[in-house]
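Hello,

Here is the structure I promised to pass on. My notes on the strands and helices follow below it.

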Amino acid sequence: MPTPDQELDVRDEAPANRHALIFETFGRLQPGEAFVLVNDHDPKPLYYQFSAEHSDSFSWDYLEEGPEAWRVRIGRTA
(Lines give C-alpha, C1' and ligand atoms only; values in the text may rest on other atoms or scores of the structure.)
Protein backbone atom coordinates (compact mmCIF):
# COMPACT_ATOMS: atom_id res chain seq x y z
CA MET A 1 0.00 0.00 0.00
CA PRO A 2 1.53 3.40 -0.96
CA THR A 3 2.27 5.82 1.82
CA PRO A 4 0.82 9.33 1.69
CA ASP A 5 3.11 12.05 0.40
CA GLN A 6 4.92 14.13 3.02
CA GLU A 7 3.74 17.74 3.12
CA LEU A 8 6.34 20.51 3.28
CA ASP A 9 4.74 23.82 4.25
CA VAL A 10 7.24 26.64 3.72
CA ARG A 11 4.86 29.55 4.29
CA ASP A 12 6.36 30.31 7.71
CA GLU A 13 9.97 29.88 6.57
CA ALA A 14 12.15 32.88 5.75
CA PRO A 15 12.16 33.32 1.96
CA ALA A 16 15.96 33.01 1.90
CA ASN A 17 15.72 29.49 3.38
CA ARG A 18 12.87 28.08 1.32
CA HIS A 19 14.69 26.76 -1.75
CA ALA A 20 17.41 25.09 0.31
CA LEU A 21 14.78 23.32 2.44
CA ILE A 22 12.83 22.24 -0.64
CA PHE A 23 15.91 20.85 -2.40
CA GLU A 24 17.02 19.05 0.79
CA THR A 25 13.59 17.39 0.94
CA PHE A 26 13.79 16.47 -2.76
CA GLY A 27 17.28 15.05 -2.23
CA ARG A 28 15.97 12.57 0.33
CA LEU A 29 13.37 11.13 -2.05
CA GLN A 30 13.80 7.73 -3.63
CA PRO A 31 12.68 7.25 -7.24
CA GLY A 32 8.89 7.09 -7.32
CA GLU A 33 8.47 9.09 -4.10
CA ALA A 34 7.09 12.61 -3.84
CA PHE A 35 6.24 15.38 -1.41
CA VAL A 36 3.63 18.12 -1.49
CA LEU A 37 5.01 21.63 -1.32
CA VAL A 38 2.72 24.23 0.28
CA ASN A 39 3.62 27.83 -0.55
CA ASP A 40 2.06 31.29 -0.25
CA HIS A 41 2.64 32.15 -3.92
CA ASP A 42 3.00 30.40 -7.25
CA PRO A 43 6.42 28.67 -7.07
CA LYS A 44 7.03 28.99 -10.82
CA PRO A 45 10.64 30.24 -10.34
CA LEU A 46 11.30 27.07 -8.34
CA TYR A 47 9.99 25.02 -11.26
CA TYR A 48 12.56 26.69 -13.53
CA GLN A 49 15.32 25.92 -11.02
CA PHE A 50 14.25 22.26 -10.89
CA SER A 51 14.22 22.20 -14.71
CA ALA A 52 17.76 23.55 -14.84
CA GLU A 53 19.23 21.35 -12.10
CA HIS A 54 17.16 18.12 -12.30
CA SER A 55 15.80 18.25 -15.86
CA ASP A 56 14.77 14.60 -16.30
CA SER A 57 14.50 13.44 -12.71
CA PHE A 58 11.51 15.32 -11.29
CA SER A 59 7.77 15.61 -11.74
CA TRP A 60 5.69 18.71 -10.97
CA ASP A 61 1.91 18.64 -10.54
CA TYR A 62 -0.19 21.53 -9.26
CA LEU A 63 -2.80 20.34 -6.75
CA GLU A 64 -4.03 23.80 -5.71
CA GLU A 65 -3.35 27.17 -7.33
CA GLY A 66 -4.06 29.94 -4.81
CA PRO A 67 -5.08 32.48 -3.97
CA GLU A 68 -3.97 31.80 -0.37
CA ALA A 69 -2.02 28.59 -0.84
CA TRP A 70 -0.38 26.76 -3.68
CA ARG A 71 0.15 23.01 -3.37
CA VAL A 72 2.50 21.27 -5.77
CA ARG A 73 3.34 17.58 -5.77
CA ILE A 74 7.04 17.28 -6.54
CA GLY A 75 8.35 13.80 -7.25
CA ARG A 76 11.59 12.07 -8.08
CA THR A 77 11.28 10.06 -11.26
CA ALA A 78 13.10 6.80 -11.93
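**Strand pairing and helix packing**

Gln 6 has Phe 35, in S2, as its bridge partner. That bridge belongs to the pairing of S1 with strand S2 (residues 34-39), which is parallel and runs over four bridges. Please keep in mind that this is a predicted model.

The other pairing I looked at is antiparallel: strand S3 (residues 58-65) and strand S4 (residues 70-76) are joined by seven bridges. Here Trp 60 is bridged to Ile 74 in S4. The hairpin of S3 and S4 has four residues between the strands, and Gly 66 adopts a positive phi there, near 75°.

Taken as a whole, the sheet is open and has four strands in the order S1-S2-S4-S3, with mixed pairing.

As for the helices, helix H1 (residues 15-27) lies across S1, S2, S3 and S4 and runs at about 165° to S2. Helix H2 (residues 44-53) also packs on the sheet, where its contacts are with S2, S3 and S4. The direction of H2 makes about 170° with that of S3.

Regards

Methods
Residues numbered from 1 in each chain as written. Predicted model: local features only at pLDDT ≥ 70, side-chain atom pairs only at ≥ 80, totals over all residues. Heavy atoms only, no water. Pairing = 2+ DSSP bridges. Helix = DSSP H or I, 4+ residues; strand = E, 2+ residues; numbered from the N terminus. Contact = heavy atoms within 4.5 Å. Axes fitted to C-alpha atoms, helices over the stretch in contact; angles between N-to-C directions.
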